[in-house]
Amino acid sequence: SSVSKKLGIKVLSDGTVQDLFRGIREQFESLVTGLSHSDLAAMSLGLSHSLSRYKLKFSPDKVDTMIVQAIALLDDLDKELNTYAMRCKEWYGWHFPEMNKIIVDNLAFAKVVKAMGYRTNAKDADLSAILPEELEAEVKEAAEISMGTEISEEDLQNIFGLCDQVITITEYRNQLYEYLKNRMNAIAPNLTALVGELVGARLISHAGSLMQLSKQPASTIQILGAEKALFRALKTKHNTPKYGLIYHASLVGQAGPKHKAKVARLLAAKTALALRVDALGETESNEVGADGRSKVEARID
């Protein structure tokens, strides 16, 4: 050991020494005079807190906690946004049902409702900043012959309030996505280059941390997120799943139905390599990920 080399003292560390230390710890109160059980408990608690703070301060995993939280919040926002937008379309649909089929985008729908108000105002409303020219003309034409019912001013104000929520949440969601993209490019550039920031963040979140994910073999990364299907297949002796979260990567989407499993397997192998470079490597470039992506694309073509 380093003590033996520097000080020239023979160091003995075996089972007997471990037993001796264990005995000292157990009989510490009787060996040290004036030390009560409550004092010893307080000292032990203080030491454990200090060790925990030290580990947390120097934890290599703590930086990707932000990614785990951000992707979880992004998924929650998407669910909330879909619920609010659906309610907004249903509510305003009583007054102007034809607009639901014309404007599909949730944000554009909410902005048009805010700009137009009653459908009778459609003719004079300027929607050029929100919609393309042909869609604007279609909305105005549909408003002239709409089959919707009349609504009161109070109804319209409540619909406006809901539209404000949709617009605010959408803007915050876009801001959060940009933040997540920047964090992913900083922490896991090679993983991001291979599978994209959203799939990469979901893989990290599912594994718990970047370090934990980098320790997984390619076969595990390939089916990460499909654990229920895997255990069900093993139990019923059916075919095991070919992919999990990695299925949503753009490279797997580009492949034909017959080749998706092969591409997922190849991509998982490249992802495992990229993850180890991101987690343990010194470089901050995305060369390994970009090179792996080009090789997978070449195989698809």
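1. Basis of the note. The model is predicted: local features need pLDDT of at least 70, side-chain atom pairs count only at pLDDT 80 or more, and totals for chains, interfaces and linings use all residues. Residues are numbered from 1 along each chain as its sequence is written, and side-chain values use heavy atoms, with hydrogens and water left out.

2. The pair Y92 and F109. Rings of Phe, Tyr and Trp (its six-membered ring) pair if their centres lie within 6.5 Å; planes under 30 degrees apart count as stacked, over 60 as edge-to-face and the rest as tilted. Y92 and F109 form an edge-to-face pair, 6.3 Å centre to centre with 85° between the planes. This pair links distant parts of the chain, with Y92 in helix 5 and F109 in helix 7, 17 residues apart. Helices (H or I, at least four residues) are DSSP runs, numbered from the N terminus. Y92 is buried at 0% relative accessibility, and F109 is buried at 1% relative accessible area; buried means under 20%, exposed over 50%, and partly exposed in between (1.4 Å probe, protein chains only).

3. The pair Y243 and Y247. These two rings form a tilted pair, 4.8 Å centre to centre with 40° between the planes. Y243 counts as partly exposed because its relative accessibility is 26%, and Y247 likewise counts as partly exposed at 35%.

4. Helix 7. Residues 106-116 form this helix, and its buried residues are A108, F109, A110, V112, V113 and M116. They pack against helix 5 (65-93), helix 6 (99-102), helix 8 (133-144) and helix 9 (153-187), where contact means heavy atoms within 4.5 Å. At the start of helix 7, a side-chain oxygen of D105 comes to within 3.4 Å of the backbone nitrogen of L107. After helix 7 comes G117, with a positive phi near 70°.

5. The nonpolar surface patch. L20, F21, I24, F28, L31 and V32 make a patch of about 550 Å². Patch residues have over 30% relative accessible area and no salt bridge, and nonpolar side chains (Val, Leu, Ile, Met, Phe, Trp, Tyr) are joined within 5 Å; a salt bridge is a side-chain nitrogen of Lys or Arg within 4 Å of a carboxyl oxygen of Asp or Glu. Helix 2 (15-26) supplies the largest share, three residues, and helix 3 (28-31) supplies at least two. L31 lies in helix 3 and is exposed, with a relative accessible area of 58%.

Note on methods:
Patches are made of residues with over 30% relative accessible area and no salt bridge: like charges are joined within 9 Å, nonpolar side chains (Val, Leu, Ile, Met, Phe, Trp, Tyr) within 5 Å. Accessible areas come from the Shrake-Rupley method with a 1.4 Å probe; for residues, only the protein chains shown count as cover. A polar contact is a pair of N or O atoms within 3.5 Å; within protein, one must be able to donate a hydrogen and the other to accept it, and residues adjacent in sequence count only if both atoms are side-chain atoms.
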